[in-house]
Amino acid sequence: MIKKKYALIPVMPTPNGPLHLGHLAGPFLKMDILARHLRILGHYVSIVSATDPYESHILPVCKKESKDELTVCKENYSNINKCLENLSIKYDNFINPLDDEYREKLFEITKKIIIQVLKDGNFSQKDEAIHFNSRTNDIVVASRIAGICPSCNANMGGYHCECCGQEVSPEELIEPYDTENKDDVLKISRTSTLFIDSDYEYISKRMIDCNVPDEIKNIVSVYIKKHGPLVRISNPGDWGIKLKDIVRTDSEDVVFTYTNLISLAILCGEEIKKNLNIEYNPLSKDSDCIVVGSFGFDNTIPFCLSVDTLANLSDEFRGFDYYLTNFFYTLDGKKFSTSRRHCIWGYDALEILETNSDIIRLYLSVTSPELKKTNFSTDEFNEFRNKIQDFMISINEDKLYKPLNIDSVCNCSFFKESLRVIKKSLSLENFSLQKSGKTIINWIENSEIDQDVKVLGFALLSTSIMPGISDKIISNIEGFDDSLLNEIYS
Ligand SMILES: [Zn+2]
């Protein structure tokens, strides 16, 4: 088998709080499972991500907690890290781009990208309406503005609708209001914003190449029908990388951080370059790395339209090769919400749900919101946990401390079929956590398999999804090592 190089760059979370199970079930867990699977197959893999510190949703947190941006970003970087670790989601590096080591690098990458993108005059200044609070005279943009989505009529805040996934300009919001004081009256002022034109034909082709599902492609085509293939480069605000620090302009705007996700990805790529011991950034034009990204559907426009447009216009970089996407995940039928305390955070999920990370990982896999909204049901989870726990206890008692026979598993036809399904559903072309998770459950529930075969087969099938228990069983087998696991999977 040819060993390939994989650069995995999961979506960059906003450091405005920890991650809840909705986040983790979306773009995070799947990338850890993919990394583990590709490593078993013998490929060179590095998985690196960062927070997105210039996202405006950190600003209300600063105000509420009376802390500066650096402190909020640092504290939540650490909270997010704990959530990932608690579910055994392992990154080679997880970057806080505001750390001294990275801040200047991110600025330089952004500068390079923006200069390359604007160099041929391929941009337009668009006159936009922005809102001000008429009492306080503050600008009300980004995280501070909310209203009704013009596309789907759901309540939304900021630039991206969590109901339909659309990117919405502030002037398009219906019944806009200031989230800091709903009753204050808003007044309108005009501002000039920088946009670049994308090439829809190119974007459409790229989405096919990146294996983006039709449900996600549809979000891009709805956006383009309404706005044309416009990519926002700047937005009003104080927090972020100032446009005037990069190019000659009178604008007080900052670089639109969602469009600039490409620079964060390149920053992650610099760490991957070291980890894989290669000479080039995995996102550079001549790279032979397979670069995989993941994001939730409300980040569709930033990734599928903006990142790819900037990559296409840059001299040096290119876009991702694959995108793994997800829809919304609810908790007991309702949106996860911190303010309503309707939430399970990653860092204390094990205590609250009285379980271990393996069982949560399996449940999040089988309920993964791959192509539509799915739900974490607490009752259903409790039943699920008890069933899997019973099986895990039976392993601990009887089987864990005696040698297990590998041949008897590998010759079992049900094992062969299950392994085939796992391998297919963890491949980039057919990636489905639901299918691979269900295959493990079918294996556990099959009453016709001899218990010894069942235990070892389970360990071999669940090694990427349930690494804790799988490693424990496998490490107990005399002479078993990674090369044998690789042989079984090859
Ligand atoms: Zn909407």
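I call a residue buried under 20% relative accessible area, exposed over 50%, and partly exposed in between (1.4 Å probe, protein chains only). The model is predicted: local features need pLDDT of at least 70, side-chain atom pairs count only at pLDDT 80 or more, and totals for chains, interfaces and linings use all residues. Residues are numbered from 1 along each chain as its sequence is written, and side-chain values use heavy atoms, without hydrogens and water.

**Positive phi**

I looked up Asn211. Its phi is positive, about 65°, although it is not a glycine. Most residues other than glycine have a negative phi. Asn211 sits in the loop between α5 and α6 (helices are DSSP runs of H or I, at least four residues, numbered from the N terminus). It is partly exposed, at 35% relative accessibility.

Glu354 also came up: it is not a glycine, yet its phi is about 45°. I found Glu354 in the loop between α9 (349-352) and α10 (357-366). Glu354 is exposed, with a relative accessible area of 58%.

**Zinc site**

Next I checked the zinc ion. Its protein donors (N, O and S atoms within 2.8 Å of the metal; water is not among the atoms, so sites may look incomplete) are the SG atoms of Cys149, Cys152, Cys161 and Cys164, 2.3 Å from it. The four donor atoms subtend angles of 106 to 112°, so the arrangement is tetrahedral (four donors, all angles between 85 and 135 degrees). Cys149 is buried, at 0% relative accessible area. Cys152 is partly exposed, at 27%.

Notes
Donors are N, O and S atoms within 2.8 Å of the metal (3.2 Å for Na, K and Ca); water is not among the atoms, so sites may look incomplete. Four donors count as tetrahedral if all angles lie between 85 and 135 degrees; four count as square planar and six as octahedral if opposite donors are over 155 degrees apart and all others between 65 and 115; anything else is irregular. Helices (H or I, at least four residues) and strands (E, at least two) are DSSP runs, numbered from the N terminus.
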